[in-house]
Amino acid sequence: MSTNRYRFDLPPLRRNRFYFLSRITRLIGQKTFIYLFLGLMGTGIALNGCSRLSRPQVETSASPTQNQNRDRPLTPIPADNNFVVEVVKRVKPAVVQINISKTVRTQTPEAFNDPIFRRFFGEAVPMPPPERTEQGIGSGFVINPNGQILTNAHVVSNADTVTVTFPDGRTLEGKVLGSDPATDIAVVQVPAQNLPSVTLGRSEQVQPGQWAIAIGNPLGLQETVTVGVISATNRSGSDIGVSDKRIGFIQTDAAINPGNSGGPLLNARGEVVGVNTAIIGGAQGLGFAIPVDDAQRIAQELIRNGKVEHPYLGIRMATLTPEVKKELARNPNLNFKVSADRGVLIVQVVPNSPAAAAGLRPGDVIQTINNQPVTEAEELQQLVEQSGIGSQLPITVERQGRRMNLTVRPAPLPAQIN
């Protein structure tokens with residue numbers, strides 16, 4: 001039986017096709033530009049010269065409109081501006097570039113230490129250095145004038161040093177106040193006061209088709225602005241290949257590239273509605289952002305406590321579909337039968353977990369949780385996330401044709417899973 005559709009409350013690692021945005025070690029290579037303008041201009045002069053020889057010059061008088069266009073100043077006038085220009089003017093001073101460095105230890109292949117291997121190759125064997133320094137770049141934005149900056153957890157993950165560069169050229173040392181891999185949110189503090197800050201909107205009010213503006217540092221190109229629309233909302237982590245993330249993502253076609261991670265996604269009023277975080281490799285116009293409602297809640301907890309505790313049941317689960325049910329029926333190794341047609345199937349229960357203590361078993365199909373019907377695994381996980389740790393959650397399951405009512409008490413997510 002294929003297991004790639006099954007997942008824990010916080011399941012396996014990211015898929016290879018999915019690339020987080022701050023994995024940049026080489027920024028911008030040397031570019032070679034080929035200038036054709038001069039050659040074309042020379043050709044144009046020659047042709048123009050020939051036309052003068054063959055045609056008499058005719059005096060013409062310019063129309064009033066042409067004179068107005070010729071006299072128009074080159075500096076932008078109000079008619080040149082639009083809502084994007086106004087949003088960028090207001091928000092750009094609060095968008096920063098985050099630079100990190102971290103030391104990575106090098107694993108020496110065991111064969112290099114083999115005496116027989118060294119007898120043949122001696123000291124001529126090239127040994128890699130025991131450690132190396134990696135550099136990374138991401139984006140962030142100021143949420144508090146007193147120097148608190150919101151970014152992605154993967155931007156600052158395992159960083160030895162963090163520096164923050166502002167649009168006005170200032171560079172300040174940053175300190176990571178807290179990081180939450182489960183939602184990919186982190187908060188960085190810099191020693192500064194009265195900083196320009198963003199206005200946070202409400203991501204629950206975001207709808208597909210609304211304008212979306214992204215500002216960040218793709219490939220190290222500071223203060224880059226891209227524009228598009230909101231393509232979709234509440235994309236689950238499993239939809240885009242990161243089923244370990246406990247949020248529903250905002251999808252946008254505003255251009256997102258490596259280095260945009262942690263930058264703001266804005267609406268037409270200049271309010272932050274999301275935190276740009278991910279793309280799907282090989283695709284175009286598929287960028288994803290963490291909803292700002294979730295990001296703000298996690299950020300405040302990181303500021304207060306330095307960490308976030310997520311509720312955990314301890315089950316491996318899958319959305320029950322006709323295809324999954326057929327797959328289960330063909331598997332002779334299963335010791336349970338599923339009669340339900342819809343719901344969330346429990347595939348495995350972790351020993352000594354809250355689910356085990358509540359009496360949940362593999363083969364149970366969850367129909368409701370906290371008195372709300374569920375048909376998808378992501379839906380159940382979001383309801384558990386909203387419930388909090390230690391709360392009493394009533395659960396209705398269907399077990400081999402019978403309905404049962406149980407109660408589970410979520411515990412903190414274990415660190416080895418987070």
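**Entry 1: a tryptophan to start from**

I began with Trp 211, which is partly exposed because its relative accessible area is 45%; partly exposed lies between buried, under 20% relative accessible area, and exposed, over 50% (1.4 Å probe, protein chains only). I note that this is a predicted model, where local features need pLDDT of at least 70, side-chain atom pairs count only at pLDDT 80 or more, and totals for chains, interfaces and linings use all residues. Residues are numbered from 1 along each chain as its sequence is written, and side-chain values use heavy atoms, leaving out hydrogens and water.

**Entry 2: its ring partner**

How many aromatic pairs does the structure hold? I found 1 aromatic pair. The ring centres of Phe 83 and Trp 211 are 5.2 Å apart and the planes stand at 55°, so I call the pair tilted. For pairing, rings of Phe, Tyr and Trp (its six-membered ring) need centres within 6.5 Å; planes under 30 degrees apart are stacked, over 60 edge-to-face, and the rest tilted.

I then looked up where the two partners sit. Phe 83 belongs to helix α3 (residues 83-91) and Trp 211 to strand β10 (residues 211-216), so the pair links parts of the chain 128 residues apart. Helices (H or I, at least four residues) and strands (E, at least two) are DSSP runs, numbered from the N terminus. Phe 83 is partly exposed too, with 29% relative accessibility.

**Entry 3: the patch around it**

Trp 211 also forms a nonpolar surface patch with Val 225 and Val 227, and together they have about 250 Å² of accessible area. Patch members have over 30% relative accessible area and no salt bridge; like charges are joined within 9 Å, nonpolar side chains (Val, Leu, Ile, Met, Phe, Trp, Tyr) within 5 Å. A salt bridge would be a side-chain nitrogen of Lys or Arg within 4 Å of a carboxyl oxygen of Asp or Glu. Areas use the Shrake-Rupley method with a 1.4 Å probe, and for residues only the protein chains shown count as cover. I placed Val 227 in strand β11 (residues 224-235), and found Val 227 partly exposed at 37%.

**Entry 4: a buried glutamine**

Is Gln 148 buried or exposed? Gln 148 is buried, at 15% relative accessible area, and lies in strand β5 (residues 148-151). Beyond neighbours within four places in sequence, Gln 148 has contacts (heavy atoms within 4.5 Å) that include Phe 141, Leu 177 and Ile 303.

**Entry 5: the whole chain**

I counted 10 helices and 23 strands in the protein chain. Of its 418 residues, 43% are buried.
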